[in-house]
Amino acid sequence: MPFVRSCQLSLTALAAFGGGAAAHGGMQLPPSWAMGNAFATSTVPLSACTADSCRWFTNNTRLPAGQEPTIGDRSAFRTWDLRDQYYSTKRMPWRAPGVAPLYGGPCGTTGGNPHGCFGPDGAKATCDGGGFADGADGRSLQKAITTHWPAGGVVEVGWTIGANHGGGYSYRLCRAPKIGQRFDDLTEECFQQTPLAFVGNTSTIRYFAGPFKGQEFDIDAMRLTNGTFPLGSMWSRNPIPAHGGEDGSGFTGPQHEIMSKYIMENDTSVEGTASDPDGQERRWINEWVNTSDDQFPPPTPFKDGKPSQAPTRLDGFTTGLGDVQLNWFMIVDRVKLPDDLEPGAYVLSWRWDCEGDAFVYSSCASVDIQPEAELRPKAPTPAEPPLAPAPAPMTPGPLCGDEQHACWLPHLGAWAANSKCTLDKFHCECQPIFAEVMATCHFADGDVCKCNDGCGGVWVNSTGAHARGRRA
């Protein structure tokens, strides 16, 4: 189905249009708002971009003028173009973690350009650096699933890579708005008040899909507290290296030109994705990408404290260039909840500051933090009837949309989380369009069906016959 290409990027989009690709990374543990109710059909992520959840970001954001990099040119925390062969990354977000501004809020914006994109004459134009214009604010998403955490505890968090841009990440908390208050009032400043500290110096590579589902390995993690914002907040370097070259794809400039010409000549589909009738595209990927040097050495996995052999390569740029392993594993860390945190409802924000591109990716999730005793089952006394079981680790919320507005994504096995998809039948069911169309889709008419922002779903409401049984 063409919609899946938003998570498995076409070579056309990568080779010909660079940053125009739509899916790059997102938090999946705990389940983010952008995942909708995907966990209603599965207890693990479905892919690196479950329910299209890794397209929420700020595009074209850099360190402010006058801000010097706090990660030096020869720092071990560098992740991109370490020899400065292609361009300087000095103003990319990761070079001073947490400093680059967010234009659409702490939960990201679909497409990355919330205020539109305009040319020198003030007319609508393609978006410099990629993405598309006028997408939904992540704070408007349905708050589908709540995860329950013990106060003061150590909890697991995890994220996945759809397309690799290096850099590093952190996790932060903000108190959830009270009933009657707007989630739109959540601010980056609120999350900056409570950055979470990572526990230990290892991360876990956890395979949630593919032939190695259920396996996991530890890798060394690189934590950073010096030169971060807010002051002293703890960040972790992205441990998975992209391939070599200017854009991390492993292609050189001439190879890009050869590939782009071939793809354009074989582009016969209405969605703008290339066909490869003689397998030439795949041979080039094997010959060029899979033999290129990585941006930095990949991590060495170990199990039970001893070096081990991971079943897949721990590197990659995108599944669209054959790096299928990125669709199979999640990067899991453990973070400590502050001991003095008041119990109640919170929002967790994951922030990924990139180094290879001027992107900051963000995801938000609902968590309920209570004293551990409140989360444990209580044994009944002989004089009392048995008590109800303790809350499950994750409590599903209402299905996205409502009885009149729901958009089922059959190819992802999940309800759409994007409020745009649940707006009406038109937005739900129109098909996305990729590749060269991305260069012209967001001009005067703003027709979502002419852009790569279609949902490709099935419209379901209280009078329709589709999937009513699923809405129990």
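Mentor: Asp 73 and Lys 90 join their side chains in a salt bridge, with N and O 2.7 Å apart; the term denotes a side-chain nitrogen of Lys or Arg within 4 Å of a carboxyl oxygen of Asp or Glu. This pair links distant parts of the chain, 17 residues apart, with Asp 73 and Lys 90 each in the loop between β2 (56-59) and β3 (109-110). Strands here are DSSP runs (E, at least two residues), numbered from the N terminus. The model is predicted, so that local features need pLDDT of at least 70 and side-chain atom pairs count only at pLDDT 80 or more, while totals for chains, interfaces and linings use all residues. Residues are numbered from 1 along each chain as its sequence is written, and side-chain values use heavy atoms, leaving out hydrogens and water.

Asp 73 counts as partly exposed because its relative accessibility is 30%, and Lys 90 counts as partly exposed because its value is 37%; buried means under 20% relative accessible area, exposed over 50%, and partly exposed in between (1.4 Å probe, protein chains only).

A second salt bridge joins the side chains of Arg 78 and Glu 355 at 2.5 Å, N to O. Arg 78 lies in the loop between β2 and β3, and Glu 355 in the loop between β17 (344-353) and β18 (359-370), 277 residues apart. Both Arg 78 and Glu 355 are buried.

Asp 137 pairs with Arg 139 in a salt bridge, their closest N and O atoms being 2.7 Å apart. Asp 137 is partly exposed at 22%, whereas Arg 139 is buried at 13%.

Glu 156, Arg 206, Glu 216 and Arg 334 are linked in a network of salt bridges. The structure holds 14 salt bridges.

Conventions. Helix = DSSP H or I, 4+ residues; strand = E, 2+ residues; numbered from the N terminus.
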